[in-house]
Structures are given as C-alpha cells and as structure tokens.
Amino acid sequence: AAPPPGSIIAEVKGSGAALTASEQTTVDVWTIIYELHRISPQILTTVIGTVTASLQSPNSQMRHRVTKLLGRLFYAPTSNIAVQFHPCYREWIRRSTDIEPKIRMSMVKYLVSILSNKSGEKDLCREATTALVRMIKQDPSIDVRVRGVHDVCDLAHSQESNDSALSLSDKSNNGPSAIISADLLLAVGNRVSSKNKSERRDAITGLAQIYHKHYITQELKQVQSGGDDCDIGIILDTLSKTCRLDEDGE
C-alpha cells in the first residue's frame, strides 16, 4: 500500500537538500498533493499543517515549491481551503516579504488571482490587498513592483464597468470593481513618481487604460447614443468631465 500523505510530506520536508540535488529525478510531491486535492479535498486536513510549516524552511527552493502549491490551492475557484485553514493562509501571506525575489514575484501572481477568484471572501481579499499595496509601494525589487503594477492594472482593466460612469475620485467607490480597492489603485498611482523610467511609464499606461475603459468610455455613451444630432450641451459636458476643462473651456 502507498504511504499516507503525511509520511510523504515528512520525508520530503526532512530532505530539502536532497530534493535540490535530485530535482530532475525526484517525484514532485507538491504536484501530487495538489492533484490528490482535486480528487479528494479532505485529504489536506491531514497534511496542510505540515506543508505550511515548510514555508519556514531555510531552503529557498523548498519555500518556493510550498508557496506555489499553497497559492494554487488558495486561489482555486472551487476550493475553500483558504477560508477553512485561515491561519495557514495568513502564514502563506507572509511570503510576500520573503528574502528571495522569485518567491515574492510568485506571490504577486497568486495574490492577484485571489482577488480575481475569491472576490466574495472579504477577509481573504482584504489581506491579499494589504500585501499587494505594500509590495507595489515598498518592495526592494523593481521587477516585483512592476509585476504588481502590471497584474493589478490588467485585472482592473478586465473587469466589466457599471452602466453608470465611475467616479475615480469618490472615496466611497472601490474602483473599477469591488475586488480592486481604492488603496490598491492609489498604490499603483504612487509609482507614477518613481525614479525609474520604466516603472513610471508602466504605472501611467496602466492607469490611463483603466480610466479610459471605466470612466471615459462610460461618459461617451451619451454622446454616442445622440448620434449626429447629439445636443451640443451634452458634448461639452462630456468634454468637461473627461478632460477636466475649466468653466471657460480652456
């Protein structure tokens, strides 16, 4: 009979160095656990504590493997693992400050995926947002910060706009979608003043695309619906709102 999942984890956890040396020939136990979870979700109740403990491994490759496994489990649309094992989720969130840039880079991907797939879980999204805000504003790696800007802007742009135009300056509004908070958009805006040219450009471009889709396009609907006979007052009003013209139109 095959050994239970717990014993497999214990064996791999205790041989982190060997795992690195035989990476090409050793079975990826983390992939096995993920696939077993898809067949029988309850299997994680016996191993997730041990898996989460491996996030503290001194072996960066081990930490990265575990970070990716838990990330996939937590953001899976059909899984409630992050809710059921919330302490493990919070421990995983701490990898957003890992010393290894590649681990933090992976965290950006998974945190944004949680916002996308778990928008109904307010606590999960709030914690993911807090981590992303900090990473975009303060991560020491420009590559990690830029990845955060790209992924957040891509998610915001992909969301459907409401029928009414969004007020991006309204503090009561959470942004293009409830899953993208005002604080997260402000974090992206913070990078507009970056000393790095590429980071400034990407932040400006991303925010401009969001503004165009979720605000300007909505305001232009009135002009488009009026066709060639659209009232000049509606046109001027739309220009004033979208271009922020003063009262004299200058």
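**Reading salt bridges and burial**

Trainee: Which side chain meets R191 in a salt bridge, and how should I read such a contact?

Mentor: The general idea is a side-chain nitrogen of Lys or Arg within 4 Å of a carboxyl oxygen of Asp or Glu. Here R191 pairs with the side chain of E199, at 2.7 Å from N to O. Remember that this is a predicted model, where local features need pLDDT of at least 70, side-chain atom pairs count only at pLDDT 80 or more, and totals for chains, interfaces and linings use all residues. Residues are numbered from 1 along each chain as its sequence is written, and side-chain values use heavy atoms, leaving out hydrogens and water.

Trainee: Are R191 and E199 buried or exposed?

Mentor: Buried means under 20% relative accessible area, exposed over 50%, and partly exposed in between (1.4 Å probe, protein chains only). Both R191 and E199 are buried.

Trainee: How many salt bridges does a search of the whole structure find?

Mentor: Eight! Among them is E91 with R94, whose closest N and O atoms are 2.5 Å apart. E91 has 17% relative accessibility, so E91 counts as buried, whereas R94 is partly exposed because its relative accessible area is 47%.

Trainee: What about R201 and D202, whose side chains meet in a salt bridge?

Mentor: That N to O distance is 3.4 Å. R201 is partly exposed because its relative accessibility is 48%, while D202, with a relative accessible area of 14%, is therefore buried.

Trainee: Which residues are linked in a network of salt bridges?

Mentor: Look at R63, R95 and D98, which are joined in a network of these bridges.
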